[in-house]
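Me: Please take a close look at a single part of this structure, a sheet and the helices beside the strands. Keep it brisk.

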Amino acid sequence: MIEIPLTPAQERMWFLDRFDPGQPNNVVLSRRLRGHLDPAALQRAFTAVCARHEALRATFPERDGRPVQVIADPGEFRLERADLTGEPAPLRAERARELGRQLFDGGFDLARGPLIRATLVALADDDHVLLVVAHHIVFDGSSQSLLVQDLGPAYADPASLGPLPVGWADHVREQADQPAEKAEEALAYWRDKLAGAPALALPTDLPRPPFKLPRSERVRHELDAELTGRLERLARAQRSTLFMLLLAAYQVLLGRHAGQDDVSVGTASAGRGRPELEPIIGSFVNTLVLRGSLSGDPTFAELLRRTRTAALEAYAHQDIPFERLVGELDVARDVSRTPLFSTMLVLHSQQSARHDVLPGLTGESFEIGAPQSLYDLVVDVSVRTAGLTLRVRYDSGLFTAGTVSELLRRFETLLRAVAADPHCPIDDLPLEDAAARRLAVTRGIGPRRTYTGTVLDLFAARVAAAPDALAVDDVTYAELDRRARRIAANLDVRPGDIVGVALPRTPDLVATLLAIWHRGAAYLPLDAALPPARREWLCADAGVVTVIDDLATLPGPAGNVAGEARPESLAYVLYTSGSTGRPKGVGVPHRALTNLLLSLRDALGSGAGDAWLGLTSLSFDISGLELYLPLVTGGRLVLVPDDEGRDGVAIVRRIAATGVTHVQATPSGWRMLLDAGFNAPAVTALTGGEALPPRLARELRPRVRRLCNVYGPTETTIWSSLADLPEPVRDIALGEAIGNTRLHVVDARLRPVPVGVPGELVIGGDGVAWGYLGRPGLTADRFVPDPYGPPGARVYRTGDRVRWRPDRRLEFLGRFDAQVKLRGHRIELGEIEARLGEHPDVHQAAVITTSDGPDALLAAYVTAKPGREPQGRALRTHLAEVLPGYMVPAQVVVLPGLPLNTAGKVDRRRLPAISAGDLDPREYVEPRTEAEEVIAGVWAEVLGRDRIGALDDFFDIGGHSLLATRVVSRLAAALELDVPIRILFLHSTVERFATAVEDLIAADLFVGDVEASA
């Protein structure tokens, strides 16, 4: 028996086994063998092979939470037998595959072994299937060929296998004794090369689970010999290898799909760098990270030169095991994905295991259908006479087979374009053929409709048709029209003027808005809760000629109503947050508002018998739908008084009492209504203004007649798309374009991107606003010529990152900038940072959201100017004086410095987590419970620290995966409780880990009580 350390790769595989026990991390060899086979001779052959190769006799027991590698003395191998000759002949092969999958999924006990097992399955007297499964910790891909190479001679004569020149144990000891200087030189290279490397943000078909599981399926794609020859010749002409060319193209493919110009891909290195290591079975394989820069839109030939340099440098420094590299680089901990890269490209140049395993028998491949990968995507490329064979193992919990197959088709299109013109800029390389590109232009075009007139025109028609019908609360259409005209007669404004409106939510508010339009003017909503300084600034910036905050103070008769609104004149101005610290006013014309209202009328079937709830503040653009759609369709508007706007119970009561049929709210608003008991099966519900959480949608959908997810920025007039969500709700999409609206997903040069590829959503059509008042430069930047519309048309660049799904629906992926939506309000974080930076105590500021969804909050981080001591509460007070309440962060944390990335920009991902109140996240908090004390003591012992606080994070204070195993091992001994290691990864502070451990103790006691009483 020999005891040796583990290699870094083995340490990681041992940890993964502890992290998720039972998940296979295996290598399989399966062959169908035809001819006379001697099972006893085959068993003797396996015994001889295991005696020759030390790794096949290894086990990994644990000592104080640390694994050791023990090489057992040679012994007899046990070959399992299975007889299927009694099964119906057509079913035998499939039954053998089932046995193979069971063998593969069976799992290994690393501490006890053995870590290789084999089963011989008899299909007939002269027809067998050999199934061999070994754990990856002792057996890599190259070991398959070595096993086949040794089994044949040993089957004929077990004594024919001579001793190896070097054993597995010798190699492991040699690796452990590597000079520190050589390792440090290589580590310095990798630290510099991989500093700040981003994770690949490849969009998935399914949500990423909390931790990575080794589940996968396989897709195959063939490239013909003609294309393969052109690629090989191109690689030689560029002084590169075929692998380098495929890698460069693969990184372009990934970069286009992920929207990144910095892409890291893994590849496998055999790890047998010396001839004497080549015949040894073991886990030698090492992983290299190849980081590619696609920046600057180089030609493919230039990118290939970059890739060649990067690959040669990586191979020159490949002696550092990947697992050590991960530890040294302090990679951000994320158990949902593999570190440093999530996809691999491997060109198989080594000879694969031959089919003829045993002398005298004919062998053939026998796939059991058990692919496995710890990565999201692994592309295995094999060079064959007929061309290149691409086999992709993909995480079936993230991707569908259709998506991966389409990815490979685009890879081929890209490679054909590269072969045709290697000097083409990579951003111009096509991913699809011409027909698919034409389809991409028309995919998001909404129905064409002819809508004419203004809200005033449509309202006048309803007044004439049904003057005595109720329009707003208990006010009829005729009375509302009289009020509007009376107010208009007392307004001293001219066409084109902008009027500020700061009135409570009553029928007179609606009459006033109509009155302003009667004068040919536009309105600017002014929320009564705005700080005076903010209100003054808005009025000055918009050029407001007067503010209506009390109808009793109107100056008096101003003459006849003569300035009626026209379709192209301005209807209203709404201000949105500005990224430069200055809000921007969006000018919306009557034409755009009419298009929105009549499109939604048609989409929703809203008519004279419907009642809309007027819930939203006038300063939020979606209020326009609630206020005007009922008035142009003969319906009824039910206003929620200002003092009820945040009272969910009162709103729910009003909906029921007034017969409301349509309710629009943000997801945050719907959360409030649901918590208040909302349940109205006759109501059509609209939700928009921020991302709709699936859980909220599933809770809301059964309580309403219809649930519509609507999307649109202020710049394209309230809503631009609508999605009907069926019951049950499975996923959330942005839906399809409304009437006279065009949705395009484009790249930075406004070219359509393929289905599934992220791009920026640009919106064209009749809903596009004028632009930003007094901001011609910004207007020209965001409202650009529409390359796919009629002459003179424009599209609005939303800054939203989206992608088309195969079902023609849009999926929202996030923002390209720092803009966020919080409870329906669009917020530029830069504006808050600018206001913080104006405070005399603040040197730098960064603002983030604490999470996604309705519970998200704003959090600000600041640093002090020399000699100053900023206080969180004082800074919040300062912001409340100059910003609306929804833009004031819930917490302000003072830091000695803001973390920066390699580009010198604030690294928001590394801003520390915040806790209740204005607690400094670095403050020491004494453990407060018995469980916290025990856990803090164990952490202190394992990490070698004097004290551990209740809020300390294990991984922030020096912990890593192997130390985590020591923690759970010592806790298991102290508490007599099995603590899964994943609990520590998911709850990594003392406080949260202690709570999770207490829950485990309680569950264990409960099970014990049940068993005792049984």
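Reply: Buried means under 20% relative accessible area, exposed means over 50%, and partly exposed lies in between (1.4 Å probe, protein chains only). Buried residues make up 55% of the 1014 residues in the chain. This is a predicted model, where local features need pLDDT of at least 70, side-chain atom pairs count only at pLDDT 80 or more, and totals for chains, interfaces and linings use all residues. Residues are numbered from 1 along each chain as its sequence is written, and side-chain values use heavy atoms, without hydrogens and water. The predictor's confidence in each residue, pLDDT, runs from 0 to 100. Its mean over the chain is 88.

Now the sheet. Helices (H or I, at least four residues) and strands (E, at least two) are DSSP runs, numbered from the N terminus. Two strands pair if DSSP finds at least two bridges between them. Five strands form an open sheet in the order β7-β8-β9-β2-β14, with mixed pairing. β7 (79-83) and β14 (362-365) are at the edges with a single partner strand each, so one side of each has no neighbour in the sheet. From one strand to the next, the twist averages 25 degrees. Axes are lines fitted to C-alpha atoms, for helices over the stretch in contact, and angles run from 0 to 180 degrees between N-to-C directions.

β8 (residues 116-124) and β9 (residues 127-135) pair in the antiparallel sense over eight bridges. Ala122 has His128 in β9 as its bridge partner.

Next, the helices. Contact means heavy atoms within 4.5 Å. Helix α2 (residues 39-52) packs on the sheet and touches β7, β8 and β9. The direction of α2 makes about 150 degrees with that of β7. Helix α4 (residues 141-156) lies across β2 (26-34) and β9, at about 40 degrees to β2.
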